[in-house]
Amino acid sequence: MKNLLFIGDVVGKNGCDFLADKIYDIKKQYNIDITVINGENSAQGNGITRYSADLILHCGADVITTGNHCYKRRDSLEIYEDDNIIRPLNFPEGCKGKGICSLDFGSFSVCIINLMGTVYMEPLDNPFTAMEKLLEQIKTPNIFVDFHAEATAEKKAMGHFLSGKVTAVMGTHTHVQTSDEIILKNHTGYITDVGMTGPELSVLGVDITPAVDKLRFKFPVRFKESESPCFLNGVIISFDEKTGKCNKIQRIINR
């Protein structure tokens with residue numbers, strides 16, 4: 001039995017600092033073998049940079065996943081030369097980077113896939129078709145999907161579409177942890193959204209006042225990262241590395 005820790009969207013420098021402070025004890029407490037972290041909001045002002053990616057890697061991440069902000073920062077393109085930093089699989093052909101990372105641990109291997117939804121988001125390639133084609137090429141049964149999507153229905157549909165085919169489907173993007181973790185078809189761990197790692201008393205990580213003003217008055221505002229105390233959201237997937245079967249999915253919230 002192996003344990004994979006997946007940590008939801010890390011927000012800004014405060015989120016990175018909090019991650020660095022907490023992750024060692026979490027990995028020790030839950031006997032973690034593999035760590036995957038979504039870092040698409042880890043830079044100041046969101047997006048991901050070489051600096052913020054290195055902060056996450058130094059925390060012990062084996063793989064960094066991203067999402068719709070993967071190319072937001074001008075200096076972000078070169079980070080996708082790293083095999084263990086991935087962007088959504090269904091971006092058009094020719095985009096920098098790749099959507100899959102394979103990890104070989106000798107006695108077993110693991111495949112991490114980053115995928116992005118298209119409902120209320122950018123019109124990328126169809127994520128269902130992209131996954132169907134990719135699954136034909138993957139040899140390991142241990143397959144973990146970060147599905148970065150807005151719509152709950154699309155996430156639920158993807159979970160059922162991949163049930164029995166992958167070890168886990170873990171939603172990101174909305175920054176709010178859901179309490180619907182389940183094992184589908186007695187094989188695939190699923191959760192609609194893992195949540196975020198960053199300032200808890202905030203609006204998705206940013207300061208409350210400008211976020212409220214933007215929605216209330218509809219005028220331009222300058223968002224800034226909240227300075228409130230942080231929390232860490234994640235899930236732990238316990239799986240049989242020989243069959244790829246998820247035996248347990250556990251939400252965690254660490255303050």
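This is a predicted model: local features need pLDDT of at least 70, side-chain atom pairs count only at pLDDT 80 or more; totals for chains, interfaces and linings use all residues.
Let me start with a cut-off: a residue is exposed when its relative accessible area is over 50%, and buried when that area is under 20%. Keep those two numbers in mind.

Most residues other than glycine have a negative phi. Lys185 is not a glycine, yet its phi is positive, about 50°. Where is Lys185? In the loop between strand 9 and strand 10. Buried or exposed? Its relative accessibility is 64%, so Lys185 counts as exposed.

The other one is His173. Again, not a glycine, and again a positive phi, here about 110°. His173 sits in the loop that links strand 8 and strand 9. Its relative accessibility is 15%, so His173 counts as buried.

Six strands make an open sheet, in the order 5-6-7-8-10-9, and the pairing is mixed. Which strands stand at the edges? Strand 5, residues 100-104, and strand 9, residues 182-184. Each has a single partner strand, so one side of each has no neighbour in the sheet. From one strand to the next, the twist averages 20°.

Look inside the sheet. Strand 6, residues 109-116, pairs with strand 7, residues 143-148. The sense is parallel, and there are six bridges. Ile112 stands opposite Phe144 of strand 7.

Helices next. Helix 3, residues 127-135, packs on this sheet and touches strand 5, strand 6 and strand 7. Its direction makes about 160° with that of strand 6. Helix 4, residues 152-161, lies across strand 6, strand 7, strand 8, strand 9 and strand 10. Helix 4 runs at about 170° to strand 8.

Stay with helix 3 for a moment. Which of its residues are buried? Pro127, Ala130, Met131, Leu134 and Leu135. They span an arc of only 125° around the axis, so they lie on the same side of helix 3. What do they pack against? Strand 5, strand 6, strand 7 and helix 4. At the start of helix 3, look at Asn126: a side-chain oxygen comes to within 2.8 Å of the backbone nitrogen of Phe128.

On to the cores. The largest nonpolar core has 28 residues. Which members touch the most others? Leu5, Ile7, Leu19 and Ile37. Strand 1, helix 1, helix 2 and strand 12 each give two or more residues to this core. Helix 1 gives the most, with five.

Take Leu19. Leaving out residues up to four places away in sequence, Leu19 touches Ile7, Val10, Ile37, Ile56, Cys59 and Leu232. There is also a second, separate core, with 21 residues. Among them are Leu4, Val36, Ile237 and Cys246.

Strand 12, residues 230-240, and strand 13, residues 245-254, run antiparallel, joined by nine bridges. The bridge partner of Ile237 in strand 13 is Ile249. How many residues lie between the two strands of the hairpin? Four. In the turn, Gly244 has a positive phi of about 80°.

His173 counts as buried. Lys185 counts as exposed. Both have a positive phi.

How values were computed: Residues are numbered from 1 along each chain as its sequence is written. Side-chain values use heavy atoms; hydrogens and water are left out. Two strands pair if DSSP finds at least two bridges between them. Axes are lines fitted to C-alpha atoms, for helices over the stretch in contact, and angles run from 0 to 180 degrees between N-to-C directions. Contact means heavy atoms within 4.5 Å. A nonpolar core is a set of buried Ala, Val, Leu, Ile, Met, Phe, Trp, Tyr and Cys residues joined through side-chain atoms within 4.5 Å. Buried means under 20% relative accessible area, exposed over 50%, partly exposed in between (1.4 Å probe, protein chains only). The arc is that of the directions from the helix axis to the C-beta atoms. A polar contact is a pair of N or O atoms within 3.5 Å; within protein, one must be able to donate a hydrogen and the other to accept it, and residues adjacent in sequence count only if both atoms are side-chain atoms.
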